[in-house]
Amino acid sequence: MSQMPRQAALPKCPSCAEPVEPGDLFCGACGYDLSAVPAPPQDHPTLPMTGAAAPGNGTDRAVPWPAGPAPAPPADPPGPGADGAAPHGQEDGDERSAGSGVRFDRPAEPDEYPLQAPDPRPTAPAAPTAAPAAPARLCVACRTGRVDDDGYCENCGHAQPRERDHLERETGPVAAVSDRGLRHHRNEDAFAVGHTTLPDGTPAALAIVCDGVSSATRPDAASLAASRAAGDTLLAGLEHGTHPQAAMHEAIVAAAHAVNALADEPATAREHAPHQNAPACTIVGAVVTSGLLVVGWVGDSRVYWVPTDRTAPSARLTEDDSWAAQMVAAGLMSEAEAYADERAHAITGWLGADAYELEPHTACFQPDRPGAVVVCTDGLWNYAETPQEMSEVVPPDAATRPLHGAQVLVGHALDGGGHDNVTVAVLPFPAPPQGAGSAGRP
């Protein structure tokens, strides 16, 4: 391969770095043949710096490739430093590469790099884990049909209730059932049931039933707050040895405070019904021990006594706080006339911030025979108003099967039309022993 012509103007000797004049054929300092300096290759290869720097006057200089063909570059030429700077010996603007045949520039890198194509082979999906089958739900109406995924009974077509639309609970010897009814859009009743042992070892059972006042704001919240407060207070009082009648009075007062507190919540709670009254409800409760029956109430929910021996008379143990009851008590109307009036169910006593002065009613009884105590809202007693009518619909085994008895009574109200929410609690009298120290919270 022939030499490439030298450059037209070489600024300094490639051997000793001494300045040379244009047209010089040899270096005046070291005699180097300046015509032997090859021109840069035409293909502009990028090659590494392989020559050792010779000591001089402090200026780095590169050892040139010999004249003739340039050697092949190493297989893996190193690139610039990690910080992007050129390798040692090359400064910005250095033009020595033109005389030595060595270049430090490299082609511009692309803005994007192609990614490897994904593996076209399909990935086998993980084997699904079989979820345990949910137990079949039975219809609350016919109690035989299975409830479909759409919430309706496959047997009778009855729509199943929401969480609070139908509630049932049994604890020890007492049970309660609450249902929305067939006409109301929600259940505004609530209850609490429990059992415990008094300090002297006597067993005791209790039930609280509350009915929200529909003309008030958030009646469902009022009944729930009242039932919880009264149930907790009553159970705690009995366990601490408070007399059942005094404990019942304290429970009603605690329930009133709980309902009053709802009126103190932010005004946004009543924005949707600014013209309604404060949250309100009625309350009725019963405590059964081995030889004592205590009842307490405010409003028109009731307690009935139904003896196991149906030849003995039944009795209603409460007096309504209602317009009809006032008319009868004043001798202005007969009971039949008063309750036939459209104002009959207008209550004159309730729990709520806008109620009149709170006057809890309590009473004690000592039945001389076993029986069942029925605590209920007007959603039931509207369909079995007199004690005799109530005794006819209470199952004979209600004292030994309280949950079944409550279910039958709620069913009686629904069969009668279910115009109102209906809640029923059934307690046996006397309270059967539950074992020392046992307790069931409401």
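In this predicted model, the count of aromatic pairs comes to 3. One of them joins tyrosine 339 and tryptophan 381: the ring centres are 6.4 Å apart and the planes meet at 90°, so the pair is edge-to-face, a label given to angles over 60 degrees. This pair links distant parts of the chain, as tyrosine 339 is in helix 5 (residues 335-340) and tryptophan 381 is in helix 6 (residues 378-381), 42 residues apart. Both tyrosine 339 and tryptophan 381 are buried.

**Another aromatic pair**

- Tryptophan 350 has a relative accessible area of 17%, and it is called buried because the cut-off is under 20%.
- Tyrosine 356 has a relative accessibility of 63%, and it is called exposed because the cut-off is over 50%.

**A charge over a ring**

- Arginine 302 lies over the face of tryptophan 381, at 3.4 Å from the ring centre.
- Tryptophan 381 is also the partner of tyrosine 339 in the edge-to-face pair.

- Strand 5 (residues 280-288) runs antiparallel to strand 6 and is joined to it by 6 bridges.
- A hairpin of 4 residues connects strand 5 to strand 6.
- Isoleucine 283 has valine 298 of strand 6 as its bridge partner.
- Strand 10 (residues 361-365) also pairs with strand 6 in the antiparallel sense, over 5 bridges.
- Cysteine 364 in strand 10 stands opposite valine 294.

- An open sheet is formed by 6 strands in the order 1-2-12-11-7-8, with antiparallel pairing.
- Its edge strands are strand 1 (166-171) and strand 8 (315-316), each of which pairs on one side only.
- Strands of a sheet pair through backbone hydrogen bonds, either parallel or antiparallel.
- Strand 7 (residues 302-307) and strand 8 run antiparallel and are joined by 2 bridges.
- Alanine 315 in strand 8 stands opposite tryptophan 305.

Notes: Residues are numbered from 1 along each chain as its sequence is written. This is a predicted model: local features need pLDDT of at least 70, side-chain atom pairs count only at pLDDT 80 or more; totals for chains, interfaces and linings use all residues. Side-chain values use heavy atoms; hydrogens and water are left out. Two strands pair if DSSP finds at least two bridges between them. Rings of Phe, Tyr and Trp (its six-membered ring) pair if their centres lie within 6.5 Å; planes under 30 degrees apart count as stacked, over 60 as edge-to-face and the rest as tilted. Buried means under 20% relative accessible area, exposed over 50%, partly exposed in between (1.4 Å probe, protein chains only). A charge sits over a ring if NZ of Lys or CZ of Arg is within 6 Å of the ring centre and within 35 degrees of the ring normal.
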